[in-house]
Amino acid sequence: MLELSYADEWLRICDDSVLTPGRGMAALLPDGRQVALFRDRAGRSYAIDNRDPFTGAQVLSRGLIGSAGGRPFVASPLLKQRFDLESGRCLDDEEVSVAVFELRARELAAVS
């Protein structure tokens, strides 16, 4: 189970197995915001705001994952700006960034 740090607590977000390496997925938060979830091919998971700050569209989860200088990023599917998955910083415009959320994988106890 993947959990996301949200409002000073851990929120269950999805089963770990639903994230496909190299692809994104969106999840709805309790306040109506969306988070974009990613797993890279090395198995690391990331969570950033799904809203593209350049267009306002909820599309970052549909972007392409890559790396630049050893840093993982997602490129917006609309205008192609790249966002660092660890810091949220836009690699193409230093004035812009998106929120980053902490994730953790947690084993759930089996119910008998």
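Which residue forms a salt bridge with R82? The partner is D92, with the closest N and O atoms 2.9 Å apart; a salt bridge here is a side-chain nitrogen of Lys or Arg within 4 Å of a carboxyl oxygen of Asp or Glu. This is a predicted model, in which local features need pLDDT of at least 70, side-chain atom pairs count only at pLDDT 80 or more, and totals for chains, interfaces and linings use all residues. Residues are numbered from 1 along each chain as its sequence is written, and side-chain values use heavy atoms, leaving out hydrogens and water.

**Fold**
- The protein chain has zero helices and 10 strands, where helices (H or I, at least four residues) and strands (E, at least two) are DSSP runs numbered from the N terminus.
- Of its 112 residues, 37% count as buried, meaning under 20% relative accessible area, with exposed over 50% and partly exposed in between (1.4 Å probe, protein chains only).

**The R82–D92 pair**
- R82 lies in strand β8 (residues 82–84) and D92 in the loop between β8 and β9 (100–101), 10 residues apart.
- R82 is partly exposed at 25% relative accessible area, and D92 is also partly exposed, at 40%.

**The E3 network**
- Eight salt bridges are found in the whole structure, and E3, R104 and R106 are linked in a network of them.
- R104 meets E3 at 2.7 Å, N to O; R104 belongs to strand β10 (residues 103–105) and E3 to strand β1 (residues 2–6), 101 residues apart.
- E3 also meets R106 at 3.8 Å, N to O, and R106 sits in the segment after β10.
- E3 is buried at 4% relative accessible area, whereas R104 is partly exposed at 29% and R106 is partly exposed at 42%.
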